[in-house]
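Trainee: I have a new model open on my screen and would like to learn how to read it. Could you take me through it feature by feature?

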Amino acid sequence: MPIAISRLLTSAISRCELTHLARAPIDVERAQREHAEYERALVQAGCTLVRIGSDDTMPDAVFIEDTAVVLDEIAVITRPGAASRRAEIDGVAVVLASYRTLAAIESPGTLDGGDVLRIGKRILVGLSPRSNDDGVAQLRAIVAGFGYTVEGVPFTGCLHLKSAATLVAPSLALVNPAWVDAAALGDVGTIAVDPLEPHAANALLIGDVVIYPAECAATARRLEEAGIRLLLVPAGELAKAEGGVTCCSLILDAG
Ligand code: CIR
């Protein structure tokens, strides 16, 4: 049974980092209800849920994905590209230490988990303002001994690589072709997002089910037509903070 680690959403989210979006007021109670539904979906997808606390000094802590890259063999604590987010890693490291041997990205490297897309033994890292070449090189050195390759992937238009492409099955990616060249993903099939839903490429695959934003209805239809089983969750308030469904958990495969 996979473990899903999630983190408390506090009212500090109103001060979240924003890169591509203009600030729009976030209804915190609604965002908390969305987050609770998301946590229920994680359980429905078969995960054991582990929750970490937070406080109002960490506006983006709910986006826990960015703080670590968890593999079966090791967990790599990141050094988030936004300085405001670096305080998030300590609490995550304490919890992950119960499940994995830890390694860490050190200065001057930066890496956000949202930029890290693993396809089998290939790890693709979006080259973004959040993840630099040094961070990519450190990750490569840490995981090479476990048989993983690490490649930097350029993309545009969005915050993280996984805003532009995620897996919806072990060899099938959901992509926004305007933001990332699907060829960079290698030998996997692709489904494109509906062009009217540019933010629809972020999906969370757990086992054979995909947690997916209910707001992206046209792309959801494409996925269902391709035989993908979806668990739809409301994610509109979290989207105002540039967060998607992968961002709000760390999934630890049972191995
Ligand atoms: C940030 O800019 O860091 C947050 N407001 C959103 C982080 C979203 N995380 C993700 O896509 N992995």
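Mentor: Gladly, and let's start with burial: buried means under 20% relative accessible area, exposed means over 50%, and partly exposed is in between, with a 1.4 Å probe and protein chains only. Thr110, at 8% relative accessibility, therefore counts as buried. A word on the ground rules: this is a predicted model, where local features need pLDDT of at least 70 and side-chain atom pairs count only at pLDDT 80 or more, while totals for chains, interfaces and linings use all residues. Residues are numbered from 1 along each chain as its sequence is written, and side-chain values use heavy atoms, with hydrogens and water left out.

Trainee: Where is Thr110 found?

Mentor: Helices (H or I, at least four residues) and strands (E, at least two) are DSSP runs, numbered from the N terminus. Thr110 is in the loop between strand E5 (102–104) and strand E6 (116–119).

Trainee: What is Thr110 in contact with, leaving aside its neighbours within four places in sequence?

Mentor: Contact means heavy atoms within 4.5 Å. With those neighbours set aside, Thr110 is in contact with Arg79, Gly81, Arg86, Ile105, Arg130, Ser131, Asn132 and Gly135. There is also a polar pair to look at. A polar contact is a pair of N or O atoms within 3.5 Å; within protein, one must be able to donate a hydrogen and the other to accept it, and residues adjacent in sequence count only if both atoms are side-chain atoms. Here a polar atom of the Thr110 side chain lies 3.0 Å from the backbone oxygen of Arg130.

Trainee: What else is in the loop between E5 and E6?

Mentor: Pro108 is one of its residues, and a cis peptide bond joins Ser107 to Pro108, with omega about 10°. Gly113 is in that loop too. At 2% relative accessibility, Gly113 counts as buried. Leaving aside neighbours within four places in sequence, Gly113 is in contact with Glu65, Asp66, Ala68, Thr78 and Lys162.

Trainee: How do I read a helix, H5 for instance? Which of its residues are buried?

Mentor: Look for the buried residues, then ask what they pack against. In H5 (residues 217–225), Ala218, Thr219, Ala220 and Leu223 are buried. They pack against strands E9 (165–169), E10 (172–175), E11 (189–192), E13 (209–213) and E14 (230–233). After H5 comes Gly227, with a positive phi near 85°.

Trainee: Which residue other than glycine has a positive phi?

Mentor: Glu242 is one, with phi near 65°. It is found in the loop between helix H6 (236–240) and strand E15 (250–252), and at 16% relative accessibility Glu242 counts as buried.

Trainee: What about the whole protein? How many helices and strands are there?

Mentor: The protein has 6 helices and 15 strands. Its radius of gyration is 16 Å, close to the 18 Å that the globule rule gives for 255 residues, so it is as compact as a globular protein of that length. That radius is taken over C-alpha atoms, and the globule rule is 2.2 Å times the number of residues to the power 0.38. Buried residues make up 56% of the 255 residues. Among contacts between residues at least 6 apart in sequence, 68% join residues at least 24 apart.
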